[in-house]
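Please look over the sequence and the structure below before reading on.

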Amino acid sequence: MAEKFDNLEEHLEKFVENIRQMGIIVSDFQPSSQTGLNQKLNFMITGLQDIEKCRQQLHEINVPLEAFEYIDQGRNPQLYTKECLERALAKNEQVKGKIDTMTKFKSLLISELGKAFPEEMAKYKAIHGDDPPS
């Protein structure tokens, strides 16, 4: 899969460089540079065809629209990935805290119920296999 991305990256870099060179030719256009401009236009068409071939190889890749928004804003799309991971980590910590709280609550509840209803809790522990809380 990595070589497909490398191939696409290579074609995109060539395409961008060709467009940059074409911009230079157009910005200072002289009739004598018409041949070079035509050549660059043909390279542009070939480059688009190469990019299209790469796109077909990567059709199963889904990119979140938010990543394109980062690009449109002139931000690095890797920041999107970083921020997603940071949000996931924060949510993970939050959920872990809830799980820890519920585990402590269960332990305390079993302990207190064991004091109030020792026979019933002995049956409960026999059925559920819970160890006595520490």
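Accessible areas come from the Shrake-Rupley method with a 1.4 Å probe, and for residues only the protein chains shown count as cover. On that basis the accessible surface of the protein comes to about 10,800 Å², of which 60% belongs to carbon and sulfur atoms. This is a predicted model, in which local features need pLDDT of at least 70 and side-chain atom pairs count only at pLDDT 80 or more, while totals for chains, interfaces and linings use all residues. Residues are numbered from 1 along each chain as its sequence is written, and side-chain values use heavy atoms, with hydrogens and water left out.

The protein has five helices and zero strands, where helices (H or I, at least four residues) and strands (E, at least two) are DSSP runs numbered from the N terminus. Its radius of gyration, taken over C-alpha atoms, is 31 Å, well over the 14 Å that the globule rule (2.2 Å times the number of residues to the power 0.38) gives for 134 residues, so the protein is more spread out than a compact globule. The C-alpha atoms fill a box of roughly 100 × 30 × 20 Å, taken along the principal axes.

Of the 134 residues, 13% count as buried, meaning under 20% relative accessible area. Leaving aside residues up to four places away in sequence, Phe15 touches Met44, Gly47, Leu48 and Ile51, a contact being heavy atoms within 4.5 Å.

Notes. Buried < 20%, exposed > 50% of the residue type's maximum accessible area, 1.4 Å probe, protein only.
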